[in-house]
Amino acid sequence: MQRKVVIIGSGPAGLTAAIYASRAGLSPLVLEGPAPGGQLLTTTEVENFPGFENGVSGPELMDAMRRQATRFGAECRFSSATAVDFASRPFMVELDGSETVQADSVIIATGATARYLGLPSETALRGHGVSACAVCDGFFFRGKDVAVIGGGDTALEEACYLTRFANRVFLVHRRDQLRASKAMQQRIMANPKVSFVWNSVVDEVISDDEGKSVAGLLLRDVKSGSSSVLAVQGMFLGIGHAPATEIFKGQIDLDEQGYIRLSHHTSTSIEGVFACGDVADSRYRQATTAAGSGAAAAIDCERWLADQGE
Ligand code: NDP
């Protein structure tokens with residue numbers, strides 16, 4: 001099978017790229033990947049995507065984007081790219097470890113995933129008080145007490161943002177020194193709504209009696225070994241993100257954290273391979289910015305193909 005454009009990933013970046021590429025007559029193949037719809041599928045209510053004044057559910061928004069892309073001729077396949085070969089053109093993309101597709105160009109939109117602690121109680125309460133996105137979910141914690149886990153820039157940014165809504169924000173960190181930049185540290189230290197819980201790790205997220213919301217955190221002091229309960233109604237993770245770039249290692253340039261390095265606009269280090277969304281953006285990580293970069297990648301791709309006479 002040969003395609004003009006293969007889009008890997010189906011979050012806001014991949015599907016917006018698909019809308020633009022299909023409207024340009026390129027009939028893109030979209031490989032939806034292991035989590036079709038991307039990170040928004042784990043978000044209940046999206047209130048900051050322009051055009052939805054009363055908010056929209058993450059799955060609903062992604063479903064509408066997929067339908068919009070297929071209406072113009074994009075083919076969305078419930079397949080994952082398991083290997084790529086960008087050494088020569090046409091590029092090769094392997095699907096689900098078996099079939100291969102040849103592509104004149106590739107748009108990578110595989111996203112990134114927030115890291116979680118991995119506790120069963122945390123998984124059970126995801127979307128019910130456990131979140132990894134203060135910008136998405138902070139609004140729901142007006143007047144409540146919340147905890148943020150981590151000591152890096154992400155955790156401190158989340159904590160600062162949450163003080164707009166929350167009554168108190170507890171920053172729970174496993175050491176007694178922050179990893180975040182000095183500027184961020186000064187900002188957080190000056191914020192009277194933030195309290196620090198040092199040398200502590202979460203052993204369990206405690207739910208209310210019905211198991212439907214967060215009631216507290218069971219913390220363990222790593223120095224003394226003693227346990228205590230922190231009464232909060234929300235837990236936000238700020239322990240880092242992992243870009244989904246495993247299959248691109250050795251094929252295109254990645255930065256030290258594994259994000260795709262863009263050389264010019266949405267171009268990667270390989271001509272004809274473009275990237276958009278969180279996989280190339282450790283800074284904004286928003287559905288709107290991902291969608292915008294998806295449009296840009298499709299436009300860059302279309303122009304590049306035209307320059308090749310394809
Ligand atoms: P970091 O890797 O910098 O920090 C992760 C934090 O989480 C660390 O404090 C780490 O603890 C803690 N942590 C990691 N795993 C666990 C765990 N299992 N349990 C408890 N705590 C854990 O990630 P960030 O996402 O904060 O930042 C990534 C990069 O992005 C950095 O370079 C950062 O500067 C940058 N960034 C920049 C921003 C900006 O400029 N505005 C905003 C956000 C990020 P420990 O310190 O003990 O290792």
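How far does the backbone oxygen of Ile19 lie from a polar atom of the side chain of Ser22? The separation between the backbone oxygen of Ile19 and that side-chain atom of Ser22 is 3.1 Å. This falls under polar contacts (pairs of N or O atoms within 3.5 Å; within protein, one must be able to donate a hydrogen and the other to accept it, and residues adjacent in sequence count only if both atoms are side-chain atoms). The model is predicted: local features need pLDDT of at least 70, side-chain atom pairs count only at pLDDT 80 or more, and totals for chains, interfaces and linings use all residues. Residues are numbered from 1 along each chain as its sequence is written, and side-chain values use heavy atoms, with hydrogens and water left out.

Ser22 is found in helix H1. Helices (H or I, at least four residues) and strands (E, at least two) are DSSP runs, numbered from the N terminus. H1 covers residues 12-23. Its 12 residues reach 16 Å from the first C-alpha to the last, close to the 16 Å expected at 1.5 Å a residue. That expected span is 1.5 Å times one less than the number of residues.

H1 is largely enclosed by the rest of the structure, because 10 of its 12 residues are buried. Buried means under 20% relative accessible area, exposed over 50%, and partly exposed in between (1.4 Å probe, protein chains only). Among the buried residues are Pro12, Ala13, Leu15 and Ile19. The buried residues of H1 pack against strands E1 (2-8), E2 (29-31), E5 (75-77) and E8 (99-108), and against helices H2 (58-71) and H7 (287-307). Contact here means heavy atoms within 4.5 Å.

Ser22 itself is buried, with a relative accessible area of 5%. Beyond its neighbours within four places in sequence, Ser22 is in contact with Ser27, Pro28, Ala69, Phe72, Gly73 and Ala74. The C-alpha atoms of Ser22 and Gln68 are separated by 9.8 Å, although these residues are 46 residues apart along the chain.

Backbone geometry was examined next. Most residues other than glycine have a negative phi, and most peptide bonds are trans. Gly25, which follows H1, has a positive phi near 80°. Ser27 is not a glycine, yet its phi is positive, about 40°. Ser27 lies in the loop between H1 and E2 and counts as partly exposed at 38% relative accessibility. Arg285, also not a glycine, has a positive phi of about 55°. Arg285 lies in the loop between strand E19 (273-275) and H7. At 24% relative accessibility, Arg285 counts as partly exposed. A cis peptide bond joins Arg89 and Pro90, with omega about -5°. Pro90 sits in the loop between strand E6 (81-85) and strand E7 (91-95).

Arg285 is also one of the contacts of His241, as are Thr113 and Thr154. His241 is found in strand E18 (residues 241-243) and is buried, at 14% relative accessibility.

A polar side-chain atom of Asp153 lies 2.6 Å from an oxygen atom of the ligand. For Glu157, a polar side-chain atom is 2.7 Å from a ligand nitrogen atom. An N or O atom in the side chain of Arg179 is 2.6 Å from an oxygen atom of the ligand. The protein covers 71% of the 910 Å² of accessible area that the ligand has on its own. Accessible areas come from the Shrake-Rupley method with a 1.4 Å probe; for residues, only the protein chains shown count as cover.
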